[in-house]
Each structure stands twice: as C-alpha cells, then as structure tokens.
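Take a walk through this model, one contact at a time. Keep the coordinates open beside the text.

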Amino acid sequence: MMVTAAENKKLCEVGSGTPMGAVMRRYWMPFALSSDLPEPDCRPIRIRLFGENLVAFRNSDGQVGLLEEMCMHRGVSLALGRVEDNGIRCLYHGWKFGADGTIQETPNHCDARFKARMKAPAYKTHEAGGMLWAYLGPQDRVPPFRHFAFIDVPDSHRTIFRVVQRCNYLQLVEQGSDSSHVGILHSDNARPGWLEKTFTPSADTMNPAAFAVEDNAPAMELEDTEYGFQYVAFRQSDRVDGKFDETRERHARVYPFLMPTIRFIPAPKVLFTVFEVPMDDTTTATFFVIHGEQPVDRGHLKRLLGLNDPRYWSDEDNEFRANWSNGMGQDRDKMKVHWTGLPGVAFEDAVMGVAAGSIADRTREHLVAADVSVARVRKLLLGAADDVAAGHDARGANYADCTDLAAFDTLVAPGVDWRSLIPFGATARQQGEVANAASVD
Ligand code: FES
Ligand SMILES: [Fe+2]
C-alpha cells in the first residue's frame, strides 16, 4: 500500500475535528494509572489526550473527574485548584466543579440560574485494572466498556509501565504489529547466541521476544475480524531458499490486533497487553499492562524492558528521555557483543519510534511481504475514519469482551489450519477476509 502525503496526514493527526481524531474518540482509552490519583481529594494531574489539555482529579467520594484544564470562567488552569467537598475549585475566583462538570459554586456571581444552565466541559471516565480510562466521543455513541483479562487478576498479578515518547502514535502501533523486527532488533532477547551463531532459546519466562526457532523472515497470513485483524507469523528453522519443509511442523506466533491501537504480546508466564495512546500528534503514551496467574516481578520486567536506567525513564514522570542530544542512549562499545547497544526491549522499540522522526514520512518507504500487517493497520484505520465520517461506528468499538484475546506461540502440524487453533473470535473469523504474505495492499 503506497501512502500519499494526504493519507499520512489523515492517519497521523488526532486532534479535535480530524478524521483519525474522530476514530480515536470512539473508544475507551486509558489516560493514567489509578495510582496517579492515589486518594480522594489528592493533587490533580494534567492530562494531554488527543491534543486536548485536561485535568483529572479524584473527588471526596473517590470518583475521578476529567475536565478541560482551563477553567470555563476565564481560562486559568484548574490543575492548580483546590480539590475539596466533592469537587475541584479554581483558585482564581473560586468556581467549583463536580466530577461530571456540574457547576457547584460561583462565588463571584450570585445568579443561581447561571449555575444550573451551564456545565464545565467534562468527559466520561471509568476506573478498572489499575488504570483510569476516558471516552471523548459523542455522547449518543458511548461504547460499552471493554473487559480485559488483566482487569480480573489481583493487583499483585499485574504491573503497568507507562512510557511517554516524543513521536506520533502510528509508528509505534505499526512497530507493535510488525513481527519481523522482533528477531532482529531484539536479537539479544529473541535469539540469544546470535553473535556466536549458536541459537539457544531464551529461558526467561517473562521475555516477550523469546522465539523457539531462529527464522527472521516469518511468513505472514492475516485476516480481518470484528475487533480488528489477526495474523499468524510462521517460522521454521533451516528453511532452504525461504521455503517451508511441508513435512515438518511450523512455529506460529498468533497475534490479534484490537482497534484502534492495542496489541498483545505473549511470554510463557505473562501476557503483555499494550495500548498506544496518542497524547497529541507527536507524543504517545504506551501503556504496557503485564499480567499472569502468579504475582509478577516488576523489577525483573523493568530490566527486561530496559526501563531501569533513571537517566532515560523513571516512574516519576514516565518520560522517555533518549533522543539525539544524548545519542539515543546507545552504547556503541557494547555493540561488539550486543545487537543494539540499547538497554532492553521497550527501550529498543521506543528508540525505533523516536528515531523515525516526530511523524514518519510514509511516502518514501518500500514495503515488503513481511510488512503485510503494517499495511493492514493503516487500511483498517483509514477504513474506520471513513466509517465514522459516514455516521457509523468505528470497527471494534462495540467489541466489549476482550478477555479471550491473547497472542500466543504454538506449533502447527503439517496440514492443520492455524485458525482452528485460535480460541477466540470464532464468529468474527467467519466474516474474515484472508490475505496472504504476497500481498501488502
Ligand atoms: S478563572 Fe476560574 S474561577 Fe475565574
Ligand atoms: Fe519490538
């Protein structure tokens, strides 16, 4: 799929009134962690979401409000306000608002009818799975809240990293659905022994890049589903001229892409559910939600992801700080024994996102067969923009039960259809459209 400059703009811009902004606003999106607002009446937080400046606060009852940051009276930031008596009060003239935007008090204006007639711009919120979620779309199209498997586990079995990167969301979404980079960019995690050419599968049960076979040119098959699309990436060791030995089983990584920006990454003992949340056109918050059936070791995951160096990322502000002024955090000496010279999997991904520039120029690229899923992401997003413009819902917006959606690695015996191995999306598959690896349009 050739992308024109106009299409690239349409794909990447998420502000109010833009086609993709309208798509993004049709889904519930996480915007912060529950722990960012740790208790009732705590300090409010400034939020940037889809190019809008918002303020989030937790009222005395524990409910989370999400309002336009600038006070509706004369436009001072409510993030400086007092949070008290089930509302947030602007410091300037004391106007006070409830979590739903109701005007509770206007001390410098005594007309009660004014209060009753007006409302501060506010958005719907929901709290689940250790995260705060918002819906910014039209009020007559509120989709059901989505249920994910990670919501149902105890807090000890789940950990979340939020990484704020200075680049457009789409280059991160594309990367997340791109299977062929995994075995190359993440060589040290995916193919331990690559340097000595002695492939040894990773023994780390939380390692999302671990592959059981060495094969860097996966053959992809994919199909559209009700929630987005799903693909399988086939790998087999010792292929000759890229041809599969049809008498042997293939290794398969099955991957569902959930509209509009959500992916799942399998590791033996945990599942990563990853949300790319556009804060504005050139800033993206990636939420890595990692859960399992046992308590998860946050420290271990932090090292694996490469988020353990406070120069480049910290729990304080979640800002990813590798950029050209600090050499992207790359250790060139280390590259003698390490593929990237970068600290870990998420760090490597983030650098690839940022190093493509704030908004990647897609008019000059050269897609190959392995990029079929990247092309499909674009096609579905552009399709959703057309659907929303025509007055329909965006694909997958009403797909609420996501508890079964998971990526997984499996072996496919000769003659077996990979679709028969998928435990989710059975009805969606029937309407599916199948593409093969040869087509990237
Ligand atoms: S600007 Fe907020 S009350 Fe006046
Ligand atoms: Fe990656």
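In this predicted model, helix H4 passes helix H9 in a right-handed crossing. H4 covers residues 169–176 and H9 covers residues 372–389. Two packed helices are described by the angle between their axes and the distance between the axes. Here the angle is about 130°, and the axes lie 8 Å apart. An angle over 145 degrees would count as roughly antiparallel, and 65 to 115 as roughly perpendicular. H4 and H9 are therefore oblique to each other.

Which residues make the contact between H4 and H9? From H4 come Tyr169, Leu170, Val173 and Glu174. From H9 come Val374, Val377, Arg378 and Leu381. Sorted by class, this contact of H4 with H9 has six nonpolar residues, two charged residues and no polar ones.

H8 spans residues 345–355. Nine of its 11 residues are buried, so H8 is largely enclosed by the rest of the structure. The buried residues are Val345, Ala346, Phe347, Glu348, Asp349, Ala350, Val351, Gly353 and Val354. What do the buried residues of H8 pack against? Their partners are strand S12 (158–165), H4, helix H5 (182–185), helix H6 (187–190), strand S18 and helix H7 (298–305). After H8 comes glycine 357, with a positive phi near 95°.

Is methionine 328 buried or exposed? The cut-off for buried is under 20% relative accessible area. Methionine 328 has a relative accessible area of 3%, so it is buried. Neighbours within four places in sequence aside, methionine 328 is in contact with Ala322, Asn323, Leu342, Phe347, Val351, Val354 and Ala355. Among these contacts, Phe347, Val351 and Val354 are also buried residues of H8. Leucine 342 is 14 residues from methionine 328 in sequence. In space, the two are 8.4 Å apart, C-alpha to C-alpha.

S18 covers residues 283–292 and pairs with strand S17. The pairing of S17 with S18 is antiparallel and runs over 10 bridges. Valine 270 has glycine 292 in S18 as its bridge partner. A hairpin of two residues joins S17 to S18.

S17 also pairs with strand S16, residues 262–266. That pairing is antiparallel too, over five bridges. Arginine 263 has valine 274 in S17 as its bridge partner. S16 and S17 form a hairpin, with three residues between them. How many residues of S17 are buried? The count is 11 of the 11 residues, 270–280, so S17 is largely enclosed by the rest of the structure. In a regular strand the side chains alternate between the two faces of the sheet.

Four strands form an open sheet in the order S5-S6-S7-S8, with antiparallel pairing. Which strands sit at the edges? They are S5 (82–84) and S8 (103–105), and each pairs on one side only. S6 (residues 87–89) and S7 (residues 96–97) run antiparallel and are joined by two bridges. Isoleucine 88 stands opposite phenylalanine 97 in S7.

How values were computed. Residues numbered from 1 in each chain as written. Chains lettered and ligands numbered in written order. Predicted model: local features only at pLDDT ≥ 70, side-chain atom pairs only at ≥ 80, totals over all residues. Heavy atoms only, no water. Axes fitted to C-alpha atoms, helices over the stretch in contact; angles between N-to-C directions. Parallel < 35°, antiparallel > 145°, perpendicular 65-115°, else oblique. Left-handed = near helix turned anticlockwise from the far one by under 90°. Contact = heavy atoms within 4.5 Å. Nonpolar A, V, L, I, M, F, W, Y, C, P; charged D, E, K, R; others polar. Buried < 20%, exposed > 50% of the residue type's maximum accessible area, 1.4 Å probe, protein only. Pairing = 2+ DSSP bridges.
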